[in-house]
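Hello,

Here is the structure I promised to pass on to you. Have a look at it first, and then read my notes below.

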Amino acid sequence: MFPRPKGDRVFPQLNSFALQAPGFYFAAMIQPSMPTADQLYLLGADQEAFHQKAALAARARFGNQVFVRGVVEVSNFCRENCAYCGMRRSNRSLNRFRADYEQIAELLIHHRPASMTDVNIQAGEDPVAVREVVLPLIQTLRRETDLGISVCLGSLNHSMYDDLKQAGTSIYVIKFEIANPKMYAAMESPGQFDQRIANICYLAKTGWRISSGFIAGLPRQTTDDLLANFTLAAQLPIDGCSVSPFIPGEETLLANEPMASLDLTLNCMAALRLMRPDWVIPSVSALNLAGAGNGYRRGLRTGANLVTINLTPADFRENYLLYKRNRFIMTEDRILNAIAAEDLEPSSQSLADFYAAQKVNGTVTFTPQAAASA
Ligand code: SF4
């Protein structure tokens with residue numbers, strides 16, 4: 001095992017108003033197998049066995065199929081100010097852009113990689129881009145293609161979520177980022193913690209399929225902070241979850257902090273897979289920053305079952321500054337090579353069709369009355 005971080009032992013409170021409010025959804029039918037602290041710090045043969053167990057759990061549920069989606073980043077304007085992100089509104093050195101939806105539509109309709117079944121439309125938190133770029137893009141894609149469509153657009157007002165769904169998308173990617181509300185506030189994560197959770201619950205209640213996620217290895221993150229991410233994820237009405245390694249991004253407040261350990265991140269991914277074998281868990285491109293050369297493949301080896309090809313036009317990419325301007329771009333070739341090297345195969349079924357074929361996964365409407373009579 002590698003050393004655990006020092007820190008307080010205060011377990012974060014998860015009794016936010018959003019989780020207690022009537023009418024919100026809880027993943028109440030599934031009893032997840034929660035990780036232990038020791039599992040997050042495994043190394044060597046024990047770690048390998050842990051990751052193999054996770055990979056087997058994924059294979060038992062999904063076979064050797066991996067969902068392949070493309071991502072287009074359509075705006076780097078953001079009204080939020082997350083300490084760990086180069087697109088924070090206080091970063092004045094960034095050239096801000098909004099894509100032309102017709103250019104992106106042309107790319108996705110006529111020039112998309114053959115292996116991709118879904119597209120994820122992503123932006124900073126930018127309601128203008130939602131109205132001017134994302135909505136017409138979704139309407140065009142819905143008319144012209146059978147791509148599954150997901151969006152990652154942050155905290156928006158409810159009518160905007162409804163408009164996006166109405167336009168023809170069904171999957172929302174919205175990370176809760178950090179389960180400890182105090183740390184969430186200290187990192188200036190998007191909006192307010194309670195509101196973020198309430199938004200996730202609203203999306204679930206209105207029929208979206210949701211992928212959430214959290215960051216591993218943040219500065220001053222304790223073991224309890226890490227475990228709280230699993231507790232919160234298990235309580236939320238979500239269908240998938242990512243683990244992103246903390247990368248000290250250029251032009252952020254945390255640029256001089258140490259990068260997350262790849263081993264810690266991969267152990268979290270394996271623990272997440274064992275907690276919920278039925279979830280869709282991505283191998284995120286930042287794994288290649290935390291572990292140059294093989295981080296991404298090792299992600300697939302822990303039971304990840306979603307990969308993402310970056311399709312953002314080259315002239316926008318360097319200003320979509322999640323971490324570094326000089327980005328390691330996951331092209332179709334790189335993705336397909338990584339999948340093949342791990343004896344996996346691209347899924348011919350889209351993620352959207354996979355979800356549509358399922359019942360809502362073990363989620364029930366939770367009300368105080370139901371709890372009282374249980
Ligand atoms: S992480 Fe997202 S919400 Fe936060 S500053 Fe970056 S783009 Fe904006």
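**What I found**

Please keep in mind that this is a predicted model. Let's start with the ligand: around it sit Cys78, Glu80, Cys82, Cys85, Met87, Arg88, Gly124, Glu125, Gly154 and Pro190. Sorted by class, this shell has five nonpolar, two polar and three charged residues.

You will see it in the loop between β2 (65-75) and α3 (101-110). Is alanine 99 buried or exposed? It has 24 other C-beta atoms within 10 Å, and because 20 or more count as buried, alanine 99 is buried. Apart from neighbours within four places in sequence, alanine 99 is in contact with Val74, Ser75, Ile104, Val133 and Phe316.

Finally, look at how two helices pack. The axes of α3 and helix α4 (residues 127-144) are 9 Å apart, and the angle between them is about 30 degrees. Angles under 35 degrees count as roughly parallel, so that is how α3 and α4 are described. Their crossing is right-handed. On the α3 side, the contact is made by Tyr101, Ile104, Ala105, Leu108 and Ile109, while α4 brings in Val133, Pro136, Leu137, Thr140, Leu141 and Glu144. By class, nine of these residues are nonpolar, one is polar and one is charged.

Enjoy exploring!

Best wishes

Notes: Residues numbered from 1 in each chain as written. Predicted model: local features only at pLDDT ≥ 70, side-chain atom pairs only at ≥ 80, totals over all residues. Near = placed C-beta within 6 Å. Nonpolar A, V, L, I, M, F, W, Y, C, P; charged D, E, K, R; others polar. Helix = DSSP H or I, 4+ residues; strand = E, 2+ residues; numbered from the N terminus. Buried ≥ 20, exposed ≤ 12 C-beta atoms within 10 Å, placed from the backbone. Contact = placed C-beta atoms within 7 Å. Axes fitted to C-alpha atoms, helices over the stretch in contact; angles between N-to-C directions. Parallel < 35°, antiparallel > 145°, perpendicular 65-115°, else oblique. Left-handed = near helix turned anticlockwise from the far one by under 90°.
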